[in-house]
Each structure stands twice: as C-alpha cells, then as structure tokens.
Amino acid sequence: MLAASTALLTLGAVLGGLLVTDVGSPPFQGLDEGWAGWITSLRSPFWDGINGFLNLAGYRGVLVLHGLLVVALLLRRRPQAALFAAAAGAAVLVLTQVLKAGILRDRPDNTIVLTDTGSFPSGHVASTAAFLVVAALLVGRAWGAVLAGVGVLAMMVSRTYLSAHWLADTVGSVCLAVPAVLLLWLSFQNICIQENGDARRLLSWRARASRRRRATAHPESES
C-alpha cells in the first residue's frame with residue numbers, strides 16, 4: 001500500500017506541477033484534447049442518459065452514501081471503522097477543493113452539465129474513489145477491490161464523456177483520492193480488524209445467550 005500510494009502521489013504531483021507551470025497549455029494538453037474529441041464522438045441519447053445519472057450520483061449521491069456508511073458502522077458498534085471512513089471522505093473532499101482553487105484549470109468548452117470553477121482534479125472521481133476504496137478495504141474481499149476499480153473507471157470515463165473534465169483531471173483525482181485513503185488505512189487497519197473481531201464475538205455471545213434463554217423457556221412452557 002505504501003509503494004502504491006507513493007507511485008500515485010508522485011504521478012499526481014507531476015500532473016499538478018505541470019499545470020501550475022503552464023495551466024493553459026500543459027504538455028499533455030494534446031492528449032487531453034485527443035481523448036475528448038474521441039469520447040464525445042460516441043455521444044448518443046442512450047449514453048447521455050447513463051452519464052447524466054452518473055453525474056448526479058457521482059458527487060452528492062456518493063457523499064450521501066459515504067455518510068450512510070459512517071452511520072451504519074456506528075450502529076454496528078464499529079466506531080474506529082466509522083472514524084476511518086469519515087476521515088477519509090473529509091480529507092479527500094478538502095484536498096480536492098484546495099487543489100481546484102489553487103490550480104484553476106479551465107474546463108472543456110463543450111460541457112453538457114453544470115459545473116463549478118476549477119477542472120483539476122475532478123470532485124466526482126475523487127469522491128467516488130474515496131467511497132469505493134473505503135468500502136473495499138472494510139469488506140476485505142477481492143471482489144470489493146474489483147468493483148471499486150470498475151466504479152472509479154466508469155466515473156472517469158463519464159466525466160470526460162460529459163466534457164466536464166479533461167482526462168488528466170480524472171487521472172489526477174485517482175492519484176489524490178486513492179493514496180489518501182490507503183495512507184489513512186495504514187493507521188487504522190489494525191484497530192479496525194480488532195474492532196471487527198470484537199464485534200463478531202459480541203454478536204456470537206448474544207446469539208448463544210439468546211439460544212440459552214429460549215432453551216430455558218421451552219421446558220417451562222411445556223409444563
């Protein structure tokens with residue numbers, strides 16, 4: 001996790017540094033424009049509908065899901081896991097907005113959805129990545145990681161399809177959000193695993209106690 005986080009942060013720093021040097025015409029502008037020209041050529045009513053839904057779900061929708069995840073963890077008596085989820089979501093949200101305001105890259109001209117100022121990095125991609133990676137880490141299964149990867153990739157493609165962001169903006173978002181979550185997980189991992197085990201033992205104890213009560217009550221009802 002540390003190696004992956006370092007690699008992603010390095011790539012994100014390079015992209016951000018090149019934009020700070022020349023925000024209007026970074027070295028990868030040609031690649032961004034080439035991808036934008038190709039992906040927008042695929043527009044159709046069907047894909048417009050799919051990506052319109054992802055536009056709504058990818059930021060406010062994901063933030064709501066992230067909040068519900070924190071509440072669910074608290075209700076399941078996993079306060080440390082809830083703290084990790086909340087800290088990861090908040091850190092990614094704050095870092096995204098700070099970079100947007102600091103770099104102020106212009107968005108593509110032909111966007112078909114409402115957007116705010118600052119194109120780098122993408123808030124939709126960053127918030128989606130934060131939620132899905134947090135969920136995958138807490139689930140701890142390979143299928144969770146696969147679903148997280150597919151979900152983040154879909155949001156990256158969607159933001160460029162809608163001309164809300166350049167391709168580099170979405171890549172930069174992944175390079176920000178994923179390391180932020182992974183580095184926080186390194187601090188919370190052991191306590192969350194222990195907490196999960198304690199909660200399972202508590203549930204098992206309660207289940208055994210309930211069975212004993214039912215067994216005690218059964219002979220009395222027969223008599």
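Biologist: At roughly what angle do the axes of helix α3 and helix α5 cross?
Modeller: Keep in mind that this is a predicted model. Helix α3 covers residues 45–75 and helix α5 covers residues 123–139. Their axes come within 9 Å, and the crossing angle is roughly 35°.

Biologist: How many charged residues does the contact of α3 with α5 have?
Modeller: On the α3 side, the residues include Leu54, Tyr59 and His66, while α5 brings Ser127, Phe131 and Val134 among them. By class, the contact has 11 nonpolar and 7 polar residues, and the number of charged ones is none.

Biologist: Now the rings: which geometry does the aromatic pair of Phe46 and Trp47 have?
Modeller: Their ring centres are 5.0 Å apart, with 75° between the planes. The Phe46 and Trp47 pair is edge-to-face.

Biologist: How many residues apart in sequence are the parts that Phe84 and Trp185 tie together?
Modeller: These two form a tilted pair, 5.0 Å centre to centre with 55° between the planes. Phe84 lies in helix α4 and Trp185 in helix α7, so the parts tied together are separated in sequence by 101 residues.

Biologist: Which residue forms one aromatic cluster with Phe84 and Trp185?
Modeller: Phe84 and Trp185 are both buried. The cluster they belong to also includes Phe188.

Definitions and conventions
Residues numbered from 1 in each chain as written. Predicted model: local features only at pLDDT ≥ 70, side-chain atom pairs only at ≥ 80, totals over all residues. Heavy atoms only, no water. Phe/Tyr/Trp six-rings, centres within 6.5 Å; stacked < 30°, edge-to-face > 60°. Helix = DSSP H or I, 4+ residues; strand = E, 2+ residues; numbered from the N terminus. Buried < 20%, exposed > 50% of the residue type's maximum accessible area, 1.4 Å probe, protein only. Axes fitted to C-alpha atoms, helices over the stretch in contact; angles between N-to-C directions. Contact = heavy atoms within 4.5 Å. Nonpolar A, V, L, I, M, F, W, Y, C, P; charged D, E, K, R; others polar.
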